[in-house]
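Dear colleague,

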Amino acid sequence: MYCPKTYENEKKNEDLEFERSQSTFSISELNLILNKNDKNIMNIKNEIKKMIENDEIISKPQEIHLLSREEQYKRALYVSSKIVDIKKRFGEIGGDLYYQTLFEEIPFVINDIVFACAFKSLASEEQMNKLYPKFQNYQYLGSYAQTEIGHGSNVQGIETTCTYIKETGEFELNSPTLTSTKYWIGGLGKLATHTIVFAQLLIASSSNNGNLKNYGPHPFLLQVRGLDDHLPLKGITVGDIGPKLGFNSLDNGYLRLDHVRIPRENMLSRFFRVNENGEYEKPKHPKLIYAGMVGVRSNMIENSFVCLSRAVTIAIRYSTIRKQFKANQSDKQEKKIIEYSNQMNRILPYLAQTFAFFFAGKRFSVEFDQMMIAVKKDQDTTLLSELHANSSGLKSLMTQSTSDGIESCRLSCGGHGYSQFSGIPYLWANYVHMSSAEGESNLLPQQTTKYLLSILRKVTTDLSSSSDDKLVIGQSVQYIKDEFESSFENINQFIKEKSLNSILHPDSLLQLFKHRSFVLIKSIGSSIQEQMSNGNKDIPQIWSDLNVEINHCSKAHCQLYVVQSFYDQILLLSSNDTSNSTIIVLIQLLQTYCVWIINTNFVDFLQDQYVELAQIDFLKNSLINFYKLLRPNLVPLVDSFDLCNATLGSALGSYNGDVYSTLYKWSSTQPFNKNSIPLGFNENIKPLINSKL
């Protein structure tokens, strides 16, 4: 691990050192698990941390808060340039780990992650071989232009057009309206040389007197700026959209196109294409057009762990050092604020969620890779619908829950949490946009629930069918079939049948989440059926009226996905010689996460009497007991993330806990304190003081 060795000669906070001495498990073993049991990844991470902390600029993340927008962007370009050497030494994995280790967001992340995910998913092998190396080596810089100023989540409604010109074998891109302006495009405002433009594909129809036929949104690669002078090309208007809540070291841009011609070969054509005769060759599955978007979501799902781990690290270390009030007059010291149950309740559920999200992100990433291999090999789309549905719901759940967690950690740091020097406001402001990016979190869950209802229909139809063919459904929705066929009327029958010792056993908790999700899916299906039986045939309106329940249903399914992922990994680790002490603390984290979710959604679990009210009360009272069980391991658990000080950028959360002197040093040495008399004082305030009003 990096931190214990690097900071061993620094002055240590006694409270933090005491907490570390109380650990009941091996911190290094858990750290290895969090690095996918890959020591090579750990070694690369450590080299990157060393490089960052030895860099005169990158090692001082607190200075970002003192810079203007242009200065922040200049700094971000400097930080971006360092990735070239990292990739030369460590390959693509080095670049990914560099982004995960940096305190700040940098423009190259758009080229390397957002653009790369889309391009690798949508470009043909010929396009990949010809063009992608130029983006990898930063000869070209890519971005992803889908969102418009007038359309975001409704991708089908985008207005940018791309008309095929058969006579020249070209496409013509155009922004026909103000609302068709591409907007919020990361990396496009100042930096990108190229972008993937999503536009309505229009082709003259030979069967309809040559009138244009719309084939819907498709991706096209467009060069935006000259490679020699970096100026916008003819017909292209491009710029930065202006200051934002956060993410200001990135240049989100706007783009307008005035009948810009591109070669036919610039249509990204892994799954579809327009041939030389102007004929459209459609994909095997319509959602293949959005494969790149699912790839970006996969990265966002994994990234939730990266950001939340930083917030809980700062909150737990600070809460261990910060002391307020004596429990008794005879006490020599005030009480650590982490000892108060309301403080634990602010932080510990999100600590548990951090680990849960790690394992869920790991699972989804594997499933996405498996799907893309199958699709690229022979356009096998068997896994696509399930993966697309889960990506929609998980992206919504995990980004919003991570934003909530970061804010809860900020609040747990009291007044100091409001300071940028705590590291948390900057983290939150840079992360919170994730709830809206690549699909708004109020709309995406509807896609998940639609898919769940389709599985319920298949299960219902299959069980009433006399066919011998066995219904095959995805792993993440197998519980729908299992619950439909189950004879258990309540959780007690399940516990008895499985010979479990308590409702708190992970198997019992998992079963509660399965049954809850099934009941919610079935309830929505029944509501729709009831409305139709009563003569209401307006399906869109019925769906709109049920939006709140529909989103909640998706959330329940995705929380089950997270719980299942966490528990599956614990079982796998148990069979792979992981020490019992580490397994015990992981189970405690899983139980904490489950009981917390149940306590905040207890009506769901009670609605069909599957669980008794007394059992819900028992689970509610159990939460504080899990906090107490985890209490000795709180600092060791966040130490297992092995986050260096330059990554956290926090006076409150450094490894050795030098909170107050660091906070005072950063405050007192800021440029604003250079002069005792502020600008404007003599002109505006001094006359008032000297006046005789």
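**The chain as a whole**

The protein chain exposes about 31400 Å², and carbon and sulfur atoms supply 50% of that area. Please keep in mind throughout that this is a predicted model, and that the values below were computed from it. In secondary structure, the protein chain comes to 26 helices and 11 strands. Its radius of gyration is 27 Å, close to the 26 Å that the globule rule gives for 693 residues, so the chain is as compact as a globular protein of that length. Taken along the principal axes, the box filled by the C-alpha atoms is roughly 95 × 80 × 65 Å. Of the 693 residues in the protein chain, 55% are buried, and among contacts between residues at least 6 apart in sequence, 75% join residues at least 24 apart.

**The second largest pocket**

The second largest pocket has a volume of about 700 Å³ and is lined by 27 residues, of which Ser59, Gln62, Thr662, Lys665 and Trp666 lie nearest its centre. Helix H24, residues 645-648, and helix H25, residues 659-668, each supply at least two residues of this lining, and H25 gives the most, with three residues. When the lining is sorted by class, it has nine nonpolar, 11 polar and seven charged residues.

Which residues does arginine 264 contact, once its neighbours within four places in sequence are left aside? They are Tyr164, Gly169, Glu170, Phe171, Arg273, Val274, Asn275 and Glu276. Arginine 264 itself is found in the loop between strand S9 (260-263) and strand S10 (273-274), and with a relative accessible area of 16% it counts as buried, because that value is under 20%.

Serine 175 lies in another loop, between strand S3 (170-174) and strand S4 (182-185). Serine 175 is buried as well, with a relative accessible area of 6%, and, not counting residues up to four places away in sequence, it touches Ser180, Leu255, Arg256 and Leu257.

Tryptophan 184, which lies in strand S4, has a phi near 70 degrees, a positive value in a residue other than glycine. Is its side of the chain buried, exposed or partly exposed? At 47% relative accessibility, tryptophan 184 counts as partly exposed, since that value falls between the 20% and 50% cut-offs.

Aspartate 642 also has a positive phi, near 55 degrees, and is likewise a residue other than glycine. Aspartate 642 is found in the loop between helix H23 (634-639) and H24, the latter being a helix that supplies at least two residues to the lining of the second largest pocket. With a relative accessible area of 3%, aspartate 642 is buried.

**A buried residue in a helix**

Finally, isoleucine 542 has its place in helix H18, residues 539-545, and is buried, with a relative accessible area of 3%. Leaving aside its neighbours within four places in sequence, isoleucine 542 is in contact with Ile528, Gln531, Met532 and Asn536. The C-alpha atoms of isoleucine 542 and serine 527, which are 15 residues apart along the chain, are separated by 8.8 Å.

With kind regards

Note on methods
Residues are numbered from 1 along each chain as its sequence is written. This is a predicted model: local features need pLDDT of at least 70, side-chain atom pairs count only at pLDDT 80 or more; totals for chains, interfaces and linings use all residues. Side-chain values use heavy atoms; hydrogens and water are left out. On a 1 Å grid over the protein atoms alone, a cavity is a set of points where a 1.4 Å probe fits but cannot get out, and a pocket is an open set with protein on both sides within 12 Å along at least five of seven lines; lining residues have an atom within 4 Å of a point. Grid points are joined across faces, edges and corners, and a volume is the space filled by probe spheres set on the points. Helices (H or I, at least four residues) and strands (E, at least two) are DSSP runs, numbered from the N terminus. Ala, Val, Leu, Ile, Met, Phe, Trp, Tyr, Cys and Pro count as nonpolar, Asp, Glu, Lys and Arg as charged, and the others, Gly among them, as polar. Buried means under 20% relative accessible area, exposed over 50%, partly exposed in between (1.4 Å probe, protein chains only). Contact means heavy atoms within 4.5 Å. The radius of gyration is taken over C-alpha atoms; the globule rule is 2.2 Å times the number of residues to the power 0.38. Accessible areas come from the Shrake-Rupley method with a 1.4 Å probe; for residues, only the protein chains shown count as cover.
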